[in-house]
Amino acid sequence: MVDKSTKVIVIGSGIAGMSSALKCAEAGLHVLLVSPFPSERAQSVMAAGGINAILSTPEPGDSLDSFVEDTIKGGSYLGGQAAVRGLCENSENIIKYLEQIGTVFSVEKDGTPSRRAIGGHSHKRSYYCGSSTGKQIVSALVMEVRRYEASGMITRKLGKYFHSALIKDGICYGVALYDDTAQKLESVYADALIVASGGQNTLFGKTTGSLLCDGYVAGKLFTQGVLLKNLEFIQYHPTTMETEQKRILISEAVRGEGGRLYYTKDQNRVYFMEDKYGPHGNLLTRDVVSREIFALDEDVYLDISFLDKKDIDKKLPEVRDLCMKYRGIDISKEPIPVKPSVHFFMGGLAVHLNHETNIQNLFAVGECASMYHGANRLGGNSLLAAIHSGWKAAEEISSRFTDHKALNELSSSIKDEFDNYLSLQNKKLKERNKTESSFPVMYIRDMLAETMERYMGVLRSEEDIEKGISDVDYYLATSEKLNYDSSVNAYHNYSLMAILSLAKAALECAKNRTESRGSHFRIDHPDMDPALAYSTLISYDEGSYHIMFDKEHLYES
């Protein structure tokens, strides 16, 4: 038998990845935490609005049951009761833990925690750190990880890129990593692999998220036999601001503090959400607000200038600074021009309640895992789900260890097979630089983003989706003949096929769901169909895509 010194590998060092690593280390498991960049560059730092919780002293009228109902209703009733209730029940423990490790939440003058209502909430239950909640939580978790690094329970590997999982007969034995400095792959074996690679922003180009979250890990695992789920559900955030580089998220905290959406007609402001839905119209779920803005074909603005400047400085400093830095807008005096943009992916790797995929000892957590959010995520639940899911996976892994025995045995013959696989993949990486084409890889990635933005937008139809599938099929057909520029990081070269496969899977899921539900709106099927109140599962087999509905609730969302 081959000795394995690493017990658990975590891919991704954002909030979900660090939460997994810390919980594993607490249980006495050695963890290898892998990512190309430091945690401070993870998308998690961009989360602004807050983290939802029901504490022992909720707002009058609020309750655990109300939180569960808001989450399931927000997800258009695709969220599983057991999964959602578990998430909500754990929220107080998570808040207490974050405070314990140094997260500084905003408080009122009397010392009680500040909270706000954001989109889809019936009560104020989102706790926040100004408008930089994600950044504060990341900072606290980084310090805690460093403590376990000092003790030797967590080891970081920076500058390493995921290439593929090492899977044999439905069991995961570890991972193949690409080292950009050495320009080759290396294998790392482990008892369990936790994937915390984030969403799929590269599919759409300009989004509110980090382009470091490109969907490659999910796409590669998909081609290796891991099921994906609910890829058609892509959340557009209704309030983002255009810049040259990307779309800047204008946090839901602005609307939570009273911000009002409007457009101008005959020199008068039209508060369209309030006119149509009443006083709380601005705080409806993101899918509803995004569709209303998209359908207007007008320049839409978000106004918070009526709020006292001291309150803006205290509660919305990040938004204030972003608007001034990138657009020269003083939000205490001027409205913010906004429009919807891709923000969050409810779909991803299909996982069970313990966050294990259909591959034994391969787990997924955070945004890359499809769980809790159903057809549309409730604002403020992403940070909560990132930590909760990380804990769930770690708890499951630690519960399987008895007397420190390995979860699976890596025989010499299986290792030899993986060694041969690695040798072949290293050879392919070198050969790709010899191909000739007038189209570089990055050009195809840009074309893919245009295709997905055009055909997988806020409003969809079968005709548009079919056009999108045709485009991606063309990109896939040409991908092996592209100019794989050796001056570009090899990761961008070898990741293309899997990203394209993921894009096609998302389009196929959207085509198959012939109804409108949550963030998926079909103009040719505008109503919700009770017969389709199930999650979509999709599998891959040598270039073929197979879709089914999870009627047995095996992968409870």
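**Notebook: strand pairing**

I began with the bridge partner of Arg115, which is Tyr127 in β5. The model is predicted: local features need pLDDT of at least 70, side-chain atom pairs count only at pLDDT 80 or more, and totals for chains, interfaces and linings use all residues. Residues are numbered from 1 along each chain as its sequence is written, and side-chain values use heavy atoms, with hydrogens and water left out.

I noted the terms next. Helices (H or I, at least four residues) and strands (E, at least two) are DSSP runs, numbered from the N terminus. Two strands count as paired if DSSP finds at least two bridges between them.

I then followed β4 and found that it pairs with strand β5 (residues 126–127) in the antiparallel sense over two bridges. I recorded an open sheet of three strands in the order β3-β5-β4, with antiparallel pairing. β3 (51–52) and β4 (115–116) stand at its edges with a single partner strand each, so one side of each is left without a neighbour in the sheet.

I turned to strand β2 (residues 31–35), where five of its five residues are buried, that is, under 20% relative accessible area with a 1.4 Å probe and protein chains only. I checked both faces of β2: Val31, Leu33 and Ser35 are buried on one side, Leu32 and Val34 on the other.

I looked up the partners of β2. Strand β1 (residues 8–11) runs parallel to β2 and is joined to it by four bridges; Ile9 stands opposite Leu32. Five bridges join β2 to strand β6 (residues 154–158), also in parallel, and Val34 has Lys157 as its bridge partner in β6.

Technical notes
Buried < 20%, exposed > 50% of the residue type's maximum accessible area, 1.4 Å probe, protein only.
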